[in-house]
Amino acid sequence: MNRSALLLASISSLLLLLTGCEKKSRFDDKKVVNLCAVVSQAEAETILGPLIDEPKADPASAGLAGTCTWHFKSAAAGMDGRLTAMLVTEASNTWPQGIGRWFAASLPELKAELDAHPVELNNLGDRAFLYQKFKPNTNYWAIAMQQSRTCAILRIEGAGSSQLERFAAILAREARARDTPDAPGNQPSSATGTIATASAPQRSVAGSGSADRGKTDEMQVLYTMGYMEDCIRVDELLRKSCDRWRDQLSEKNRRYCDLPHDTFEARTAGDYGAFRQTFSAQIQESEPKISDLLARGRVAFEQRFAGPLAGRISGLEFEALNRQLGRECALVETEWLKGNEAR
């Protein structure tokens with residue numbers, strides 16, 4: 001497979017890149033990696049919600065060490081979600097040039113295909129970039145991550161970039177592990193990505209059929225309410241931080257404070273009230289789960305933004321708050337809440 005064909009396959013499968021020298025990868029010298037076994041079912045469901053079926057690997061392809069696709073019930077209106085990952089290692093790479101040079105050469109092509117202005121993610125592999133591409137009726141995100149001499153590419157449809165980042169964080173963590181994921185003493189722990197928003201509670205695999213209407217409504221309620229509460233907190237914290245530090249910010253960071261006059265809570269009050277009315281029965285039935293989800297989301301938010309909440313904030317934290325408002329929160333405001341008007 002030539003370089004262009006492999007790149008095209010990676011884009012259509014949704015992938016991430018890992019290649020570098022700072023953080024070693026135990027996958028570097030492996031020609032074949034069972035990627036579906038790297039992320040445990042429990043961790044996948046904690047991030048994505050219930051899986052519709054078992055994770056599936058695509059047929060082996062030249063240059064790839066492994067692929068896997070996770071199908072899950074999306075909270076977005078009437079669609080199933082999909083997260084796909086591909087791995088290329090130094091051992092599996094069939095191109096003449098080294099994998100590091102391949103990674104560097106691929107970035108301009110990914111920009112042209114997906115997003116001309118990707119966001120660079122910190123503390124994820126050696127290097128990582130988040131891309132967004134809008135499609136009719138939906139949009140999806142992709143991450144290109146670099147770790148040692150291993151490349152992974154991931155893409156997600158039917159969910160937000162925060163879930164993709166948390167998934168990538170697990171891959172990065174497991175790539176650094178000395179033993180296999182199933183080895184004693186190396187069981188997966190709860191991973192936190194660069195954006196830790198509320199996630200759906202852990203559930204069992206739903207089997208090969210579609211979930212019933214009640215389960216679909218429950219997932220929509222959990223996802224929407226979790227994201228709503230998190231977005232309200234993000235918006236409030238960013239506004240308070242901007243009010244306090246705006247005059248001391250650099251020109252670059254000051255643009256993160258260019259916010260709408262009305263708060264996120266005020267802008268969505270009507271639609272959120274209608275959502276709660278539409279799903280009032282499901283909200284009442286799921287109250288214990290909702291309370292637990294919102295409590296865990298609040299704790300995760302307070303841990304992640306402990307500095308800004310205490311009055312200390314960096315440029316990266318300004319960017320993270322602004323990015324979440326412009327991506328996940330914008331999706332909730334313009335699509336998730338609006339999608340319930342037809343019910």
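A: Phe 167 touches Val 39, Ala 44, Ile 47, Leu 48, Trp 70, Leu 83 and Leu 154, leaving out residues up to four places away in sequence, where contact means heavy atoms within 4.5 Å. This is a predicted model, in which local features need pLDDT of at least 70 and side-chain atom pairs count only at pLDDT 80 or more, while totals for chains, interfaces and linings use all residues. Residues are numbered from 1 along each chain as its sequence is written, and side-chain values use heavy atoms, with hydrogens and water left out.

Q: Which residues touch the most other members of the largest nonpolar core?

A: They are Leu 48, Trp 70, Leu 83 and Phe 167, in a core of 70 residues. A nonpolar core here is a set of buried Ala, Val, Leu, Ile, Met, Phe, Trp, Tyr and Cys residues joined through side-chain atoms within 4.5 Å, and buried means under 20% relative accessible area with a 1.4 Å probe, protein chains only.

Q: And which helix gives the most to this core?

A: Helix α6 (residues 213-245) does, with twelve residues; helices (H or I, at least four residues) and strands (E, at least two) are DSSP runs, numbered from the N terminus.

Q: What does the second, separate core include?

A: That core has 15 residues, among them Val 88, Ile 99, Cys 151 and Ile 153.

Q: Switching to strands, which way do the residues of β6 point?

A: Thr 150, Ala 152, Leu 154 and Ile 156 point one way, Cys 151, Ile 153, Arg 155 and Glu 157 point the other way, and all are buried. Since eight of the eight residues of β6 (residues 150-157) are buried, this strand is largely enclosed by the rest of the structure.

Q: How does β6 pair with β2?

A: β2 and β6 pair in the antiparallel sense over eight bridges, pairing being called if DSSP finds at least two bridges between two strands. Leu 83 has Ile 156 as its bridge partner in β6.

Q: And where is the bridge partner of His 71?

A: It is Arg 82, in β2; β1 and β2 (residues 80-89) also pair in the antiparallel sense, over eight bridges.

Q: Back to helices: is α5 mostly covered or uncovered?

A: Mostly covered, with 15 of its 16 residues buried.

Q: Where does α12 bend?

A: The bend is at Cys 329 and comes to about 40 degrees, taken as the angle between axes fitted to the seven residues ending there and the seven starting there.

Note on methods. Buried < 20%, exposed > 50% of the residue type's maximum accessible area, 1.4 Å probe, protein only.
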